[in-house]
Structure formats: structure tokens, C-alpha cells
Amino acid sequence: MKMIIAIVRDEDAGKLVSALVAEGFRATRFQSAGGFLRARNSTILIGVEDHRLEDALQVIRATCRTRTRLMSPLPHGGEMGELFVPYPVDVEVGGATIFVLPVEHFERV
Ligand code: 2BA
Ligand code: 2BA
């Protein structure tokens with residue numbers, strides 16, 4: 001058995017957990033925050049049988065892969081004279097940091 005630890009963007013976490021459950025995986029989600037940017041993210045634990053590891057990783061890759069999205073920045077209360085860019089810009093979203101650990105013991109009581 002392996003334990004996958006996936007750190008994903010908050011906005012992808014719900015979709016990821018739903019996709020995992022739909023494929024018959026079990027998962028636990030908790031709120032976390034990056035040490036560098038201090039922004040919220042989600043950490044998902046997925047305990048999987050060895051023969052299903054690659055399937056689970058594929059679900060994560062398909063759901064959370066880095067992609068660009070065209071977004072319109074909202075005007076905000078900036079300083080006087082600050083430049084506001086009124087047109088949509090490409091923003092990188094998604095992405096996942098994935099660790100796979102061996103599980104020495106698994107038990108449900
Ligand atoms: P990523 O490398 O995509 O990491 C996204 C989030 O994944 C991180 O959030 C952190 O919560 C987690 N993570 C990544 N690598 C990890 C590891 N080896 N162990 C445990 N957790 C890990 P943040 O820490 O807020 O980092 C956000 C982004 O800032 C990172 O994106 C990376 O591009 C950059 N970054 C993070 N730490 C850095 C550092 N020490 N020096 C330069 N850039 C850094
Ligand atoms: P939940 O995911 O909310 O699952 C609650 C209960 O629903 C589970 O109890 C199990 O009886 C059932 N269940 C969950 N996922 C299922 C699935 N894909 N197909 C069929 N039945 C499913 P427990 O097995 O006692 O798990 C209690 C909690 O422990 C879970 O809450 C989850 O947070 C965590 N968990 C269990 N197995 C896990 C694993 N392999 N990896 C990560 N977290 C796990």
C-alpha cells in the first residue's frame with residue numbers, strides 16, 4: 001500500500017476528491033497553507049493499493065494540472081494614480097505537489 005500526499009490549489013480540491021471517490025478511492029482532505037506564500041491550499045491524503053497507484057496519480061494529474069486561464073482583474077482600492085489594467089490577462093492556475101510514501105501498516109478498527 002502507498003500513501004499519496006497531494007498539495008493542491010483550494011479551487012481544485014473539491015473536484016479532485018469527487019473524482020477520486022468516483023473512481024473508488026478513499027481520501028481525506030484538510031486545509032493547509034504554504035510556508036512560502038502563506039496562501040491557503042488543500043492537502044489530500046489518499047491511501048491506495050500498489051496496483052492502483054498509477055490510476056490515482058492519473059486522476060490527480062487530470063484534475064489539477066497546471067493550465068492558463070484568461071482572467072479579468074477586478075479594480076481594487078489602490079493608491080491614487082495606480083495603473084489599473086482593464087483587459088483580461090493569462091493567469092497560471094492549478095498544479096499539484098505530490099509525494100508517494102510506502103505504508104508500513106494499515107488497519108481499521
Ligand atoms: P509549488 O512548488 O507549486 O508549491 C505549492 C505548495 O506546495 C507550496 O506552497 C507548499 O505548500 C507545497 N509544497 C511544495 N513543495 C513542498 C515540499 N517539498 N514539502 C512540503 N510542501 C511543499 P508555498 O510554500 O506557499 O509555495 C508556493 C510557491 O512558491 C511554490 O510553488 C514555489 O514556486 C515557490 N516557492 C516555495 N518555496 C520556495 C523557496 N524556498 N524558494 C523559492 N521559491 C519557493
Ligand atoms: P470518508 O471519506 O468521509 O468515508 C466515510 C466512510 O464511507 C468510510 O469509513 C467508508 O466506510 C465509506 N467510504 C469512503 N469512501 C468510500 C468509497 N470510495 N467506496 C465505498 N465506501 C467508501 P472509513 O473507511 O472508516 O473511513 C473514515 C474516514 O477515514 C474517511 O472519511 C476518510 O476521511 C479516511 N480514510 C479512510 N480510508 C482512507 C484512505 N485509504 N485514504 C485516505 N483517507 C482514508
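Me: Is T63 buried or exposed in this predicted model?
Reply: The relative accessible area of T63 is 9%. Buried means under 20%. Because 9% falls under that cut-off, T63 is buried.

Me: In which helix does T63 lie?
Reply: Helix α2 covers residues 53-64. T63 belongs to helix α2.

Me: Which backbone oxygen lies 2.6 Å from a polar atom of the T63 side chain?
Reply: A polar contact needs N or O atoms within 3.5 Å. The polar side-chain atom of T63 has a backbone oxygen at 2.6 Å. That oxygen belongs to V59.

Me: Which residues does T63 touch, not counting those up to four places away in sequence?
Reply: Contact here means heavy atoms within 4.5 Å. With the sequence neighbours set aside, T63 touches D12, K15, L16 and A19.

Me: Is C64 buried or exposed?
Reply: C64 is placed in helix α2. Its relative accessibility is 1%. The cut-off for buried is under 20%, so C64 counts as buried.

Me: How far apart in space are C64 and G95, C-alpha to C-alpha?
Reply: In sequence, 31 residues separate C64 and G95. Leaving aside neighbours within four places, C64 is in contact with V8, D12, L16, G94, G95 and A96. The C-alpha to C-alpha distance between C64 and G95 is 5.2 Å.

Me: Which residue in β3 is the bridge partner of I7?
Reply: Strand β1 (residues 2-8) runs antiparallel to strand β3 (residues 40-48). Seven bridges join β1 and β3. In β3, I7 is partnered by T43.

Me: Which element gives the most residues to the shell around ligand 2?
Reply: The surrounding residues are G24, F25, R26, A27, T28, L45, I46, G47 and R108. By class, four are nonpolar, three polar and two charged. The top contributor gives three residues, and that element is β3.

Me: Which residue places a polar side-chain atom 2.8 Å from an oxygen atom of ligand 2?
Reply: The nitrogen atoms of ligand 2 meet backbone atoms. One is 3.1 Å from a polar backbone atom of F25. A backbone N or O atom of G47 is 2.8 Å from a nitrogen atom of ligand 2. For the oxygen atom, the side chain belongs to R108.

Me: What share of the accessible area of ligand 2 does the protein cover?
Reply: On its own, ligand 2 has 740 Å² of accessible area.

Notes
Residues numbered from 1 in each chain as written. Chains lettered and ligands numbered in written order. Predicted model: local features only at pLDDT ≥ 70, side-chain atom pairs only at ≥ 80, totals over all residues. Heavy atoms only, no water. Helix = DSSP H or I, 4+ residues; strand = E, 2+ residues; numbered from the N terminus. Buried < 20%, exposed > 50% of the residue type's maximum accessible area, 1.4 Å probe, protein only. Polar contact = N/O pair within 3.5 Å; in protein donor to acceptor, adjacent residues only side chain to side chain. Pairing = 2+ DSSP bridges. Near = heavy atom within 4 Å. Areas by Shrake-Rupley, 256 points an atom, 1.4 Å probe, with all protein chains shown as cover. Nonpolar A, V, L, I, M, F, W, Y, C, P; charged D, E, K, R; others polar.
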